[in-house]
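Here are a few exercises to work through with the model open. Try each task yourself before reading its solution.

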Amino acid sequence: MTIGVHLQEFHGLPVFEFPAPGTAAELPDAASVAWRLSVPTYAEPEDEQWQPLFERFLATVDTARVRAVVVGGWDEPYETSSAAIVTALMGANNRLTGLEAVFLGDMTFEDCEISWIVQSDVTPLLAAYPALRAFGVRGGTGLAFPPVRHTGLRSLVVETGGLSGAVVRGIAGSELPALEDLELWLGTDTYGGDSTVADLAPLLAGDRVPALRRLGLRNSDIQDEIAAAVADAPVVARLEALDLSMGTLTDAGAAALIAGGSLTGLRRLGLAHHYLSKEAAERVSAALVPHGVLVDLADPQTPEDDGDGEVYRYVAVAE
């Protein structure tokens with residue numbers, strides 16, 4: 001699977017593409033949409049660059065009413081990091097006074113493959129916008145997230161084909177008392193996903209995220225180990241939804257989830273894109289559905305056998 005569609009909605013708002021220069025288009029009310037600011041990733045000399053686009057945006061809209069910004073492509077994101085964009089957004093915090101949500105890197109595979117997107121240290125954005133409620137980032141190359149404290153953030157999503165252990169430790173070590181929704185795409189070590197279950201330990205303890213209600217640990221090639229760690233983790237007791245989809249979950253991981261016995265209080269368990277046998281999938285459903293848990297077991301996968309006894313399982317999104 002690849003990411004083939006740009007965001008259509010963000011922070012509960014429809015995404016609106018800020019028009020190219022010289023385009024005659026009626027603009028919506030500044031507070032009614034999430035503004036997508038994007039330029040071609042393979043730019044021609046005549047193409048507008050991202051920072052001039054951002055300056056034109058600030059000069060055009062009622063910046064005090066802007067609630068959400070979606071950063072799409074920038075020129076050569078496979079070589080040029082998001083650092084300048086982070087700096088530009090930080091510098092506009094005295095104008096974007098109502099900003100509640102930022103997504104950084106809304107690119108499809110045609111714009112730039114997810115594991116080619118070069119990110120940067122994104123935490124200065126959180127410091128610049130203490131009222132930010134939702135933050136999302138796509139791409140793990142060069143991504144940094146040292147531990148922070150942010151009292152307003154309610155939703156954090158990090159989508160990668162490989163998330164480094166340093167980033168996972170930074171997020172797990174952050175104090176985010178208002179965070180309700182956390183989603184991490186952990187990926188595969190082929191693309192830099194070297195995190196371990198030990199890196200997740202502070203997060204699974206739950207002390208730094210007392211408001212957490214939805215946890216997604218997705219797209220992982222160590223999904224069985226994650227399932228075993230999550231099955232009896234203290235944080236699960238307060239969750240409404242747990243998402244372990246898009247990874248390489250096998251019967252061993254399913255057995256660990258059932259044995260843990262702590263998932264019966266969930267409203268939803270996401271396991272789509274899995275490698276469970278039919279029997280294991282039925283056991284998971286039998287253990288949880290009678291307790292009112294909606295279990296998503298869509299998109300079952302079949303391991304690939306190279307004929308020499310080597311079996312391959314793949315996460316949903318890697319390159």
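**Exercise 1: Phe135 and the cores**

Find the contacts of Phe135 in this predicted model, skipping neighbours within four places in sequence. Then place Phe135 in its core.

Solution. Start with the contacts: Phe135 meets Val102, Val122, Leu125, Leu126, Leu153, Ser155, Leu156 and Val157. Next, look at the largest nonpolar core, which has 84 residues. Phe135 is among the residues with the most contacts inside this core, together with Trp50, Phe54, Phe57, Leu156, Leu215 and Leu217. Now ask which element gives the most to this core: helix H1 (residues 50-60), with 5 residues.

**Exercise 2: Pairing around E2**

Work out how strand E2 pairs with E1 and with E3.

Solution. Take E1 (residues 9-10) to begin with: 2 bridges join E1 to E2, and the two run antiparallel. Phe10 has Leu13 in E2 as its bridge partner. E1 and E2 make a hairpin with 2 residues between them, and His11 in the turn shows a positive phi of about 55°. Then move to E3: E2 and E3 pair parallel, over 3 bridges. Here Phe16 has Trp35 in E3 as its bridge partner.

**Exercise 3: Asp29**

Where does Asp29 sit, and is Asp29 buried, partly exposed or exposed?

Solution. Locate Asp29 in the loop between E2 (13-17) and E3 (34-37). Asp29 has 39% relative accessibility, so it counts as partly exposed. Beyond four places in sequence, Asp29 touches Trp35 and Arg65. Asp29 and Arg65 are 36 residues apart in sequence, yet 8.3 Å apart C-alpha to C-alpha.

How values were computed
Residues are numbered from 1 along each chain as its sequence is written. This is a predicted model: local features need pLDDT of at least 70, side-chain atom pairs count only at pLDDT 80 or more; totals for chains, interfaces and linings use all residues. Side-chain values use heavy atoms; hydrogens and water are left out. Helices (H or I, at least four residues) and strands (E, at least two) are DSSP runs, numbered from the N terminus. Buried means under 20% relative accessible area, exposed over 50%, partly exposed in between (1.4 Å probe, protein chains only). Contact means heavy atoms within 4.5 Å. A nonpolar core is a set of buried Ala, Val, Leu, Ile, Met, Phe, Trp, Tyr and Cys residues joined through side-chain atoms within 4.5 Å. Two strands pair if DSSP finds at least two bridges between them.
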